[in-house]
Amino acid sequence: MTQQFKTNINCAMCVRSVTNFLNEVPGIERWEVDTDNPDKILTVEGPVKPEAVVEAIDDAGFDISLKQD
């Protein structure tokens, strides 16, 4: 299962800041942030609830919302 979120994670330092938070979320098999995309898209793969991803990014101090197609 692949989910995408809009964030304000916009640089390598920001990605490092969220790494431990995302790595602790059960069910995430792989994740990446497209910092070149204007919406700073976080793509998450694995059987994880979107709420858990939102909570982890929020706890890390960043803005996040589920990307609507």
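Residues are numbered from 1 along each chain as its sequence is written, and side-chain values use heavy atoms, with hydrogens and water left out. Because the model is predicted, local features need pLDDT of at least 70 and side-chain atom pairs count only at pLDDT 80 or more, while totals for chains, interfaces and linings use all residues.

Four strands make up an open sheet, in the order E2-E3-E1-E4, with antiparallel pairing. Strands (E, at least two residues) and helices (H or I, at least four) are DSSP runs numbered from the N terminus, and two strands are taken to pair if DSSP finds at least two bridges between them. Strand E2 (30-34) and E4 stand at the edges with a single partner strand each, so one side of each is left without a neighbour in the sheet. From one strand to the next, the twist averages 25°; axes are lines fitted to C-alpha atoms, for helices over the stretch in contact, and angles run from 0 to 180 degrees between N-to-C directions.

Strand E1 (residues 2-7) pairs with strand E3 (residues 41-45) in the antiparallel sense over five bridges. In this pairing Thr2 stands opposite Glu45, Phe5 opposite Leu42 and Lys6 opposite Ile41. E1 also pairs with strand E4 (residues 64-66), again in the antiparallel sense, over three bridges. Here Phe5 stands opposite Leu66. Buried means under 20% relative accessible area, exposed means over 50%, and partly exposed lies in between (1.4 Å probe, protein chains only).

Strand E3 has four of its five residues buried, so E3 is largely enclosed by the rest of the structure. E3 is joined to E2 by five bridges, and these two strands run antiparallel. Trp31 stands opposite Val44 in E3. The hairpin of E2 and E3 has six residues between the strands, and in this hairpin Lys40 takes a positive phi near 50°. Most residues other than glycine have a negative phi. Lys40, placed in the loop between E2 and E3, counts as buried at 18% relative accessibility.

Helix H1 (residues 12-23) packs with helix H2 (residues 50-59) at an angle of about 140°, with the axes 9 Å apart. H1 and H2 are therefore oblique to each other; angles under 35 degrees count as roughly parallel, over 145 as roughly antiparallel, 65 to 115 as roughly perpendicular and the rest as oblique. The crossing of H1 and H2 is right-handed, a term used if the near helix is turned clockwise from the far one by less than a right angle, with left-handed used if the turn is anticlockwise. Val18, Phe21 and Leu22 of H1 and Val53, Ala56, Ile57 and Asp59 of H2 make the contact, where contact means heavy atoms within 4.5 Å. The residues of this contact divide into six nonpolar, no polar and one charged. In this division Ala, Val, Leu, Ile, Met, Phe, Trp, Tyr, Cys and Pro count as nonpolar, Asp, Glu, Lys and Arg as charged, and the others, Gly among them, as polar. H1 also lies across E2 and E3, running at about 155° to E2.

Asp59, found in helix H2, is partly exposed, with a relative accessible area of 49%. The C-alpha atoms of Asp59 and Glu29 are separated by 20 Å, and the two residues are 30 residues apart along the chain.

Phe62 is found in the loop between H2 and E4 and is buried, with a relative accessible area of 12%. Apart from its neighbours within four places in sequence, Phe62 is in contact with Asn8, Ile9, Cys14, Ser17, Val18 and Ile57. Ile9 lies 53 residues from Phe62 along the chain, and the C-alpha atoms of this pair are separated by 6.7 Å. Of the residues in contact with Phe62, Val18 and Ile57 are also among those that make the contact of H1 with H2.
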